[in-house]
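Hello,

Here is the structure I promised to pass on to you. Please have a look at it first, and then read my notes below.

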Amino acid sequence: MSWLDGELTTLALCWRVERRDGVTIGITAHDRDLELDGLVYRAAPGMTPSAISRSASLDADSMDVTGALTSAAIGEADLLAGRWDGARVALFAVDWSAPGETVALGEGTIGAVETRGGMLTAELRGVSAALEQAVVEETSPECRAALGDRRCRVAMAGRRRFARVTGVAGATVTLDAGEPIANAYGGGRLRWFGGANSGLEDAIARSEGATVTLRRPPRLVAAGALVELVEGCDKSLATCAGRFGNAVNFRGEPYLPGIDLLTRYPGG
């Protein structure tokens, strides 16, 4: 007889969360910790999922998980910094009196995350949510490739440089090294090594001399932190041809007429 068929069930919900950098944690809605397959699932009684709906249709499965930020493994700073973005989540039920057999309830990746008043709400997007993505790309005057990827093919070996942070003012970060050309890092990435931000990336809006302006202010930054600067591209054909000599791999349609063609008139 299954443990689910008894008159008194000993049911506990568990979440296994695997970050993209390999960090894995376990959380359970039970009132005490459980150990399953060598992983300790920390008690978080306030963690509750929304209604779980499973079907054979092609609709995108999703649910929300809400609870208090009581786990030391998941902090508000890390959530807002993006450490948990795209993490894989498996939700299942287990017999807390004799952990072993489990019943899978859903799996997917963490989508939108919201924190308010010490409460966490995370969206769990199912595997079928990938069906919502566009099948083909839309046309655009700008390049749709990322600098250095397999479609762009620009060699990035000499376009990554290390520097030390000497000061931070809002979203502006001052470094101990300048840029090779004007706005070399605009549209690029800044990667943090060591310190509280280690492993995180920030998008660079623009660079000027020894300063870079990020798209959002960094969190928990101290002077002396080591960073890697990755050059960027404004995705225009002029930059692709003039700066990188890579117009042959430009993935955009800069000369394609726009929708305003229908509203034009002679002499307009």
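A word on terms first: two strands pair if DSSP finds at least two bridges between them. Strands (E, at least two residues) and helices (H or I, at least four) are DSSP runs, numbered from the N terminus. This is a predicted model, in which local features need pLDDT of at least 70 and side-chain atom pairs count only at pLDDT 80 or more, while totals for chains, interfaces and linings use all residues. Residues are numbered from 1 along each chain as its sequence is written, and side-chain values use heavy atoms, with hydrogens and water left out.

Let me begin with the barrel. Six strands close into it in the order β10-β11-β14-β13-β12-β15, with antiparallel pairing. On average, neighbouring strands of this sheet are turned by 45 degrees against each other, direction ignored (axes are lines fitted to C-alpha atoms, for helices over the stretch in contact, and angles run from 0 to 180 degrees between N-to-C directions).

Going through some of the pairs, β10 and β11 are antiparallel and joined by four bridges; Val-168 has Val-173 of β11 as its bridge partner. β13 (residues 201–208) and β14 (residues 211–214) are also antiparallel, over four bridges, and Glu-208 is partnered by Thr-211 in β14. Two residues lie between the strands of this hairpin, where Gly-209 takes a positive phi near 65 degrees. Three bridges link β13 to β12 (residues 189–193), again antiparallel, and Leu-190 has Asp-202 as its partner in β13.

The largest nonpolar core has 15 residues, of which Leu-175, Leu-190, Trp-192 and Val-212 touch the most other members. Two or more residues each come from β10 (160–169), β11 (172–175), β12, β14 and β15 (226–230). A nonpolar core here is a set of buried Ala, Val, Leu, Ile, Met, Phe, Trp, Tyr and Cys residues joined through side-chain atoms within 4.5 Å; buried means under 20% relative accessible area, exposed over 50%, partly exposed in between (1.4 Å probe, protein chains only). A second, separate core of 14 residues includes Ile-25, Ala-44, Trp-84 and Leu-105.

Finally, do look at β2 (residues 24–28), where four of the five residues are buried. β2 pairs with β1 (residues 11–18) in the antiparallel sense over five bridges, and Glu-18 is partnered by Thr-24. Five residues separate β1 and β2 in their hairpin, and Gly-22 in the turn has a positive phi of about 100 degrees. With β4 (residues 39–43), β2 pairs in the parallel sense over three bridges; there, Ile-27 has Arg-42 as its partner.

Best wishes
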